[in-house]
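Below are some notes for a colleague on the fold and on two local sites. Please read them alongside the model.

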Amino acid sequence: MNENVKIILLSGFLGSGKTTLLKHIMSFDTDMSDIVIIMNEIGEVGIDGMLIKDLASEMIELTSGCICCSMSDDLQASIEEILERFGPRYIIIEATGVADPESVSKLIATSNFKDEVELHKIITVMDAECWGARDVFGTLFFRQLKHADTIILNKIDLLRKDDIPQYLNEIHNEVPGSQVIPSVNCRIEPEVVWRKPVSRNIDKNTFDGNRRELQFNNHGIFPYFDHNTKTGSHQEITFADTNFVTFSFSEPKPLDETTFNRFVQDLPYALFRLKGMVNFGDRTMMINSVGGKTQWTPWEDFSETRLACVGWNVDPDEYIAKLKACVLN
C-alpha cells in the first residue's frame with residue numbers, strides 16, 4: 001500500500017521569513033525530485049515564486065488571493081492536479097502572511113482527496129522582534145501560533161541575548177506542547193521539517209492568545225482577518241470584505257534611487273508590506289520591507305521593477321502615483 005502524500009504548511013505573518021525557510025529547505029542535502037511546492041501570494045505579482053523557481057523541481061503559484069478563503073477552490077484543484085500528475089512524497093505549501101492555518105487544515109481534512117494525503121506538519125515562522133510587541137498584532141498573529149506544530153523564532157540575532165530565553169519560555173507557556181526553535185535566517189536542521197510532530201490537543205480555553213482575540217478584535221494594529229472558520233464558508237469571505245488592500249507596481253524604466261528611498265522612508269505603518277525588485281539603472285536590488293523595517297539584497301536575474309504591496313485601508317492609487325514619480329525621465 002502506498003503511503004499518503006504528506007503536506008507541510010508554512011505559516012507566519014508578513015515578513016517573518018517563510019520564503020527564506022522554504023529556500024533553506026530546498027537546499028537540504030536530500031533528493032527533492034518528489035517534492036512539489038505551492039506558493040500562495042495575495043498580490044497580483046508573484047515575487048516569492050521568483051526567489052525559489054530555480055530550486056524547486058515543480059512549483060505551482062496561486063496569486064491574487066488567500067488559499068484559506070477566496071482561493072480555497074484553487075488550492076483544492078492544484079492539489080488534485082499535483083496528485084494526478086506527479087504523485088509526490090511531499091507537498092509544501094507556503095501560505096500568505098494573512099492566512100489562518102486552521103482554515104487550510106480544515107479544507108484538507110474535508111477535501112475529496114482527504115484519504116490520499118495527510119497534513120504532516122504546520123510550521124509557523126515568527127519574527128522574534130514581533131513577540132515583544134505581540135499585544136498590538138491582533139488575533140491572526142496568535143491563531144498562526146496556536147495551530148503550529150513547530151514555531152520557528154526567527155531573527156534572534158536582532159534580540160538582546162537576555163531576551164531569547166525569556167521569549168522561549170513565554171512562547172512555550174502560551175502554546176503548550178509546541179516545538180519552538182530559535183533561528184537566524186531560518187537555518188534549522190532537516191529533521192525539524194521531516195520528523196512527524198508529537199500529537200497535542202489544543203485547549204482553546206487555556207490558550208492565552210484566545211483571550212486576546214476578544215481584546216484585539218477591534219483594536220489590534222492588524223485586526224483579525226475573518227476567514228469565517230466557524231461556518232466553514234471560506235469562499236464567501238474575500239479581501240473585498242475586509243480592509244486589507246493589495247496592489248502591485250511594474251515599471252521597465254529605472255527608478256531614481258534617492259526619490260525611491262524617500263518614498264520608502266515616508267511609508268505609513270498602514271502600508272506595512274513592500275517587497276520586490278527595484279531597478280536603479282546601474283543595478284537591481286531586492287527590497288523586503290515590513291512594519292517599518294527594510295532589508296536590501298542584490299538581485300542579478302531581473303532588471304524590471306516589480307513590487308507587491310499590502311496595506312490596511314490605504315488608497316493604492318495614491319502610492320502608485322508616488323511610485324511613478326520615482327521613474328527616471
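Which residue caps the N-terminal end of α4?

1. The cap is D100, with a side-chain oxygen 3.0 Å from the backbone nitrogen of E102; a polar contact is a pair of N or O atoms within 3.5 Å, where within protein one must be able to donate a hydrogen and the other to accept it, and residues adjacent in sequence count only if both atoms are side-chain atoms. Helices (H or I, at least four residues) and strands (E, at least two) are DSSP runs, numbered from the N terminus.

2. This is a predicted model, in which local features need pLDDT of at least 70 and side-chain atom pairs count only at pLDDT 80 or more, while totals for chains, interfaces and linings use all residues. Residues are numbered from 1 along each chain as its sequence is written, and side-chain values use heavy atoms, leaving out hydrogens and water.

3. Seven strands form an open sheet with parallel pairing, in the order β3-β2-β4-β1-β5-β6-β7; strands pair if DSSP finds at least two bridges between them. Its edge strands, each pairing on one side only, are β3 (58–63) and β7 (179–182).

4. Strand β5 (residues 117–127) is joined to β6 (residues 150–154) by five bridges, and T124 has I151 as its bridge partner in β6.

5. H120, found in strand β5, counts as buried because its relative accessibility is 3%. Its side chain reaches the backbone oxygen of W194 at 2.7 Å.

Definitions and conventions: Buried < 20%, exposed > 50% of the residue type's maximum accessible area, 1.4 Å probe, protein only.
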